[in-house]
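Hello,

Here is the structure for you to look over. My notes follow below it.

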Amino acid sequence: MDCLFCKIIAGDIPSSKVYEDEAVYAFKDINPQAPVHVLVVPKAHIESADCINSDNSDAVKAVFEAIPKVAASLGLVNGYRVITNIGEDGCQSVRHIHFHVLGGKKLPENMG
Ligand code: 5GP
Ligand code: ZN
């Protein structure tokens, strides 16, 4: 499958890994929007949060169980933000579901 994040998960494209378990991979965003900006992705290919259903939601459960571990390992003791973009209007540029974890400073209140 021609998917950038599947290739990153497989190790075919290099990334700065911050966390991995059997279902989840997390790595630094190549174009950080905050002092800490990582992407947490399920290893299973799901196109976006709009495609979550009862057959694939275990992958999303695993992501949200991993996020507190990722945040703690990155020192985000004062809070952080989790964002997932969906489709054209959501400005989703990579069509493999991913959760941006942003922090390391007081983030802007405006969400768009
Ligand atoms: P989206 O816009 O789809 O919500 O987020 C995609 C994110 O992937 C962007 O923040 C972008 O900087 C990041 N990104 C795109 N290509 C690569 C890459 O090859 N490596 C890494 N580490 N991040 C990438
Ligand atoms: Zn994929």
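Is His45 buried, exposed or partly exposed? His45 is partly exposed, with a relative accessible area of 32%. Cys3 is buried, at 5%. (Buried means under 20% relative accessible area, exposed over 50%, partly exposed in between, with a 1.4 Å probe and protein chains only.)

A word on the basis. This is a predicted model: local features need pLDDT of at least 70, side-chain atom pairs count only at pLDDT 80 or more, and totals for chains, interfaces and linings use all residues. Residues are numbered from 1 along each chain as its sequence is written, chains are lettered from A and ligands numbered from 1 in the order in which they are written, and side-chain values use heavy atoms, without hydrogens and water.

Zinc site. Cys3 (SG), Cys6 (SG), His45 (ND1) and His96 (ND1) coordinate the zinc ion (ligand 2) at 2.0 to 2.3 Å. (Donors are N, O and S atoms within 2.8 Å of the metal, or 3.2 Å for Na, K and Ca; water is not among the atoms, so sites may look incomplete.) The four donor atoms subtend angles of 103 to 116 degrees, which makes the arrangement tetrahedral (four donors, all angles between 85 and 135 degrees). The donor spacing in sequence is C-x2-C-x38-H-x50-H.

Ligand 1. A nitrogen atom of ligand 1 is 2.9 Å from a polar backbone atom of Lys28. For Ile30, a nitrogen atom of the ligand lies 3.3 Å from a polar backbone atom. An oxygen atom of ligand 1 is 3.1 Å from a polar backbone atom of Val94. Taken alone, ligand 1 exposes 520 Å², and the protein buries 81% of that (Shrake-Rupley method, 1.4 Å probe).

Best wishes

Notes:
Tetrahedral: all angles 85-135°; square planar, octahedral: opposite > 155°, others 65-115°. Polar contact = N/O pair within 3.5 Å; in protein donor to acceptor, adjacent residues only side chain to side chain.
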